[in-house]
Amino acid sequence: MRIDVFSAKPHDLFFMREAARDTNLELQFHEARLNRDTARLADGAKVVSAFVNDDLGQDTIAVLAKLGVQMIALRSAGFNHVNLRAAQGAGISVARVPAYSPHAVAEHTVALILTLNRKTHRAFNRVREGNFALDGLMGFDLHGKIAGIVGTGLIGTVLARILCGFGCEVLASDPYPDAEVETLGARYVEMDELLGRADIITLQCPLTPDTHHLINDAAIARMKPGVMLVNTSRGAVIDTKAVIRGLKSGQIGALGLDVYEEEGDLFFEDLSNSYIPDDVFARLLTFPNVLITGHQGFFTREALRAIADTTISNITQFHRTGAALHPVSLPD
Ligand code: NAI
C-alpha cells in the first residue's frame with residue numbers, strides 16, 4: 001500500500017522509514033505542502049500523511065477523494081486544519097497522533113518563560129561581543145510567582161508539574177478539570193480570576209471555535225500590567241493585533257510564541273535570503289521583549305520517534321481493520 005507523506009523534512013524521512021521498517025508499506029515523500037494544487041501528487045496512494053500547516057480544506061479533500069485516497073494520517077495532535085465534514089462526506093478516514101511527548105511541548109514552554117525572564121538570548125550575544133554589562137537583563141524569581149495555565153490536558157498537566165516544582169502558585173482553567181492537576185498543587189479558577197491574578201499566562205488549549213482569539217483586547221485588559229504571555233498551542237488562540245497593542249501599551253510585559261496565526265506562510269521554511277511577507281509578524285519581531293520560535297515545541301527525538309510510530313500504527317491498523325488506532329471524527 002502506498003503512503004504519500006507531505007511536508008516531508010529530512011527528519012520525517014528518517015523517523016518514518018525507521019517506523020515502517022518491518023511493514024510492507026511503500027512510503028513516498030513530498031517536500032511540498034499538501035493543498036488543493038499539490039494533492040494530485042498523491043495519485044496512486046491510498047493514504048496521505050499530513051502535518052500542521054498542510055491545507056486539508058474542502059477543495060484538497062475533493063481532489064484526494066477523486067484520486068481514491070482512503071485515509072489522512074495526521075502527524076500531529078491538533079486537527080483544526082482538517083475539514084472533517086468534507087472528509088466524512090468523501091468517505092476518507094482521518095487519524096491523528098493524540099499524544100507523543102507532552103514533555104517536549106511543556107519543556108519548550110518553560111524554555112520560553114526562562115529565556116524571556118532572564119534574557120539569556122540577549123546575554124548570549126552580549127557576552128560574545130565582550131559586553132558584560134547587566135543593564136536590561138534583570139529578571140524575577142519564578143519562585144512565588146503566579147502562573148496561569150489555560151488548558152490542562154496532556155501538555156498543561158506536565159507544565160503544571162514543572163511550574164509547581166519551581167515553586168510557582170499555579171492557577172488553571174479548563175472546562176474539564178482534572179483531579180491529577182489538583183493533586184500536583186494547582187488550583188482551578190474561573191478564566192477571569194486567572195487572567196487577573198497571573199504573572200505568567202500560558203496557553204495549552206486546542207484551537208476550536210470557542211478558543212479562537214480567546215486572548216483579545218478584552219482579555220488583555222483584564223490581565224495584570226506587565227504580564228508574561230506564552231503561547232505554544234495554536235496561533236489563532238491569540239488575536240495578534242490585540243497583543244501588539246498590549247505590548248505597545250506595556251500591559252503585556254513579555255511575549256513568547258511558538259505558534260502564530262498566519263504561520264502557514266512562514267514556518268518550517270528558510271526565508272533568510274528572502275523577506276518576511278507578513279507585516280504583523282515583522283512588527284512582532286521589533287519588540288525586545290518578544291521571543292518567537294518557529295513551531296518547534298514538538299521537535300525532540302523522542303517526540304519525532306513517537307509521532308512516526310503512531311502514524312505507522314494508525315495506517316497499519318486502518319489497513320488491517322478499516323479503522324485507525326486514533327481516529328478523528330466529527331463531534332456528535
Ligand atoms: P489535550 O487535548 O490533551 O488538552 C487540551 C486541553 O484543553 C483539554 O483538557 C481541554 O479540555 C482544554 N480546553 C479546551 N477548550 C478550553 C478552553 N476554552 N479553555 C481552557 N481549556 C480548554 O491536548 P494537548 O496534547 O495537551 O495539546 C494542547 C494543544 O497544544 C494541542 O491542541 C495543539 O494545538 C498544541 N500543540 C502544540 C505543539 C507545538 O509544537 N507547539 C505540539 C503539540 C500540540
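Predicted model: local features only at pLDDT ≥ 70, side-chain atom pairs only at ≥ 80, totals over all residues.
1. Overall count. Side chains of opposite charge can pair when their charged atoms come close.

2. Arg 2 and Asp 4. A salt bridge joins the side chains of Arg 2 and Asp 4, with an N to O distance of 2.8 Å. Arg 2 has a relative accessible area of 15% and is therefore buried, the cut-off being under 20%. Asp 4 is also buried, at 0% relative accessibility.

3. Arg 75 and Asp 12. The side chains of these two residues form a salt bridge at 3.6 Å, N to O. Asp 12 belongs to helix H1 (residues 10–19), whereas Arg 75 sits in the loop between strand S4 (71–74) and helix H3 (84–89), so the pair ties together parts that are 63 residues apart in sequence.

4. Arg 33 and Glu 269. In this salt bridge the closest N and O atoms are 3.5 Å apart. The two residues lie in distant parts of the chain, 236 residues apart: Arg 33 in the loop between strand S2 (26–29) and strand S3 (47–50), and Glu 269 in the loop between strand S11 (252–257) and helix H11 (279–284). Glu 269 has a relative accessibility of 42% and therefore counts as partly exposed.

5. A network. Salt bridges also link Glu 169, Arg 187, Glu 193 and Arg 197 in a network.

6. The ligand takes up the space of the largest pocket. There are 23 residues around the ligand, of which Tyr 100, Leu 154, Ile 155, Asp 174 and Asp 258 come nearest.

7. Polar atoms facing the ligand. A polar backbone atom of Gly 153 is 3.5 Å from an oxygen atom of the ligand, and a backbone N or O atom of Thr 232 lies 3.1 Å from a ligand nitrogen atom. From His 295, a polar side-chain atom lies 3.4 Å from an oxygen atom of the ligand. On its own the ligand has 860 Å² of accessible area, and the protein covers 83% of that area.

Note on methods:
Residues numbered from 1 in each chain as written. Heavy atoms only, no water. Salt bridge = Lys/Arg side-chain N within 4 Å of Asp/Glu carboxyl O. Buried < 20%, exposed > 50% of the residue type's maximum accessible area, 1.4 Å probe, protein only. Helix = DSSP H or I, 4+ residues; strand = E, 2+ residues; numbered from the N terminus. Near = heavy atom within 4 Å. Polar contact = N/O pair within 3.5 Å; in protein donor to acceptor, adjacent residues only side chain to side chain. Areas by Shrake-Rupley, 256 points an atom, 1.4 Å probe, with all protein chains shown as cover. 1 Å grid on protein atoms, 1.4 Å probe; cavity = no way out; pocket = protein on both sides within 12 Å on 5 of 7 lines; lining within 4 Å. Sits in = over half its atoms within 2 Å of the grid points.
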